[in-house]
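Take a first look at the sequence and the structure. A short tour of selected features comes after.

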Amino acid sequence: MVCNSLVDAYCKTRCLDRACQLFQEMPERDCVTLNAMITGFSKDGMNEDAIKLFMQMQRFGFKPSEFTFAAILCAGIGLDDIVFGQQIHSFVVKTNFVWNVFVGNALLDFYSKHSRVLEARKFFDEMPELDGVSYNVIISGYAWDGKVKESLDLFQELQYTRFDRRQFPLATLLSIAANTLDLEMGRQIHSQAIVSTADSEVLVGNSLVDVYAKCGRFEEAKKIFANLAHKSTVPWTAMISGYVQKGLHEESLKLFNEMRRTNVSADQATFASILRASANLASLSLGKQLHSFVIRSGFMSNVFSGSALVDMYAKCGSLKDALQSFKEMPERNPVSWNALISAYAQNGDGVGTLMSFEQMVQSGFQPDSVSFLSVLTACSHCGHIDKALQYFNSMTQVYKLVPKKEHYASLVDVLCRSGRFDEAEKLMAQMPFEPDEIMWSSVLNSCRIHKNQELAKKAADQLFSMEELRDAAPYVNMSNIYAAVGQWDNVGKVKKAMRDRGVKKVPAYSWVEIEHKNHVFSANDKSHPQMGDIMRKIDMLAKQMEKEGYKPDTSCALHNVDEEIKAESLKYHSERLAIAYALISTPEGSPILVMKNLRACIDCHAAIKVISRIVAREITVRDSSRFHHFRDGFCSCGDYW
């Protein structure tokens, strides 16, 4: 008994070497000794040693107890071996332990953590005795498997039992509310937590912060966060992630700095969120600082941190750094491969996108819906129509994936960009759901490019009849189509309809980062302190561009004014102001990265090509849909955009 207590103590304090030494020296061992060692091995991740000892236990003639089965099933979870677990299940039945609720819960946990929720539910329904833990395991298993309705139905059933309400799986239910952005459900669970005093539990408190932050209720989230007895990495990351998801990237960075000041260590989830903020701000210098911090924190070997770095560099326009980060990853998974495929796609490299997709398959990973969405996006950007159709069909025929609405939207975009409107309309008629705003907007934009006024009118009518529109883009596009052919009366009618509905046009603006500071410009903006120098640079460039053969495309200046005024207004579009400022503020020959919130116009695209040749610099512009890398008078998009 004394030796058993010592073995157990060494195992529980992670001193397995001493436990093993004592185990070998013991003159007499019993079932308790072996159970302590098996439990110690499984909890320390030494799953194969736990199983070997379990096999020895059978040879020694010791009978397993409920603690033996719980420990060995835990080892089976660690090994990710479903067949082994099924063998243990058979052994449990043979030894008549299936009646024991402790063993039953361990089996439930095993099946749930192997995503075998159907087997878990069947076993749950057959268990002769259930307790609160049984319900917790099966509810969490359904939640992990994305079966929200089943989780909620069982939780409602649980509430009619007499089990301890404080032990209810409230953290799991709150995570469902957070992931589905169901604020009302989150509040109901919060109320239950208060009534049962479970809100003081660490897991529940952290989950409450997460649900309010993800639903954008930051005042409530801050209040709960402030009252937490222990602020670990988890609630800090929940707050940061909430800010990032709602587009409040600067606030997330401030909170990250505050987290560092309180000496709370960041983990891979924190870095994934904060790198996403850096990517969305398109701040390459900040991204590189965070990269250094990831290295110093020892998370470079983590696959999720590595994937976030690939994504960050890609969204900051540095494909070279994204590829280098991918190459340096010691371990890769489908997430990291998807980050690489997306990096190529965002930067308009169709060949690289398709090549990395095939490399992913050759590496033994199964492409998912995210992989195919990136491939279809790249095909859309590069005009690979036949390739897009081939990959779209392979989703169902080869990989047994069901295309989602966004996959259909990408394929519609591919067809419309190439002018194959009949095929696009046929696809929209045959797909299993109604065309949405994104699809009709894609049709409308392509109609503007291909001057298909009849279909444009149909697309516009569909968009204007929708109850909710994200922005004014459809009105602006239709107005531009009429303006391009001089139908100014129709332009006026569209603008009136826009005003009547209370829809406002999003102003175009561009920004460039110089010496860790973002400088923001809008068209014809004169507010920058160095505007005089910027205007002189633009005028000087205009003279050089004229010598190079550039002529303004005044069809992009959609105002009913004379041609000279139109040409003059084009010179001061936001991206040109940002480029001019970068040219006067950075060393000659250094690359320039400009971000824009809307699509660049055709004239600016043509002008920047000429500017890149004149100044002998690489100029990268990220607009709302993709990256354009300008070098020596050419653009990476090949003018297919």
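The notes below cover a sheet, a cavity and some salt bridges in this predicted model.

## The sheet

Start with the strands. An open sheet is built from 6 strands, in the order β2-β1-β3-β4-β5-β6. Its pairing is mixed. Two strands sit at the edges: β2 (517–522) and β6 (634–635). Each of these pairs on one side only.

Now look at β4, which covers residues 619–622. Strands β4 and β5 run antiparallel, and 4 bridges join them.

## The cavity

How many cavities of 30 Å³ or more does the structure hold? It holds 1. The largest cavity contains about 30 Å³ of space.

Its lining consists of A600, H605, I608, V621, H628 and F630. Two elements each give two or more residues to this lining: α34 (602–615) and β5 (627–631). By type, the lining has 4 nonpolar residues, 2 polar ones and no charged ones.

## Salt bridges

Side chains of opposite charge can pair when their charged atoms come close. The count of salt bridges comes to 24. Three residues, R187, R217 and E220, are linked in a network of them.

Two of the pairs lie within helices. In α31 (residues 531–547), R536 and D533 are 3 residues apart, or about one helical turn. Their side chains meet in a salt bridge, at 2.5 Å from N to O. In α19 (residues 303–315), K315 and D311 are 4 residues apart, again about one turn of the helix. Their salt bridge spans 3.3 Å, N to O. Another salt bridge links R116 with E119, where the closest N and O atoms are 3.1 Å apart.

## Exposure of the paired residues

Are K315 and D311 buried, partly exposed or exposed? K315 has 21% relative accessibility, so it counts as partly exposed. D311 is buried, because its relative accessible area of 18% is under the 20% cut-off.

The R536 and D533 pair reads as follows. R536 counts as exposed at 54% relative accessibility. D533 is partly exposed at 34%. In the remaining pair, R116 is partly exposed, with a relative accessible area of 29%. E119 is also partly exposed, with a value of 30%.

Methods
Residues are numbered from 1 along each chain as its sequence is written. This is a predicted model: local features need pLDDT of at least 70, side-chain atom pairs count only at pLDDT 80 or more; totals for chains, interfaces and linings use all residues. Side-chain values use heavy atoms; hydrogens and water are left out. On a 1 Å grid over the protein atoms alone, a cavity is a set of points where a 1.4 Å probe fits but cannot get out, and a pocket is an open set with protein on both sides within 12 Å along at least five of seven lines; lining residues have an atom within 4 Å of a point. Grid points are joined across faces, edges and corners, and a volume is the space filled by probe spheres set on the points. Ala, Val, Leu, Ile, Met, Phe, Trp, Tyr, Cys and Pro count as nonpolar, Asp, Glu, Lys and Arg as charged, and the others, Gly among them, as polar. Two strands pair if DSSP finds at least two bridges between them. A salt bridge is a side-chain nitrogen of Lys or Arg within 4 Å of a carboxyl oxygen of Asp or Glu. Buried means under 20% relative accessible area, exposed over 50%, partly exposed in between (1.4 Å probe, protein chains only).
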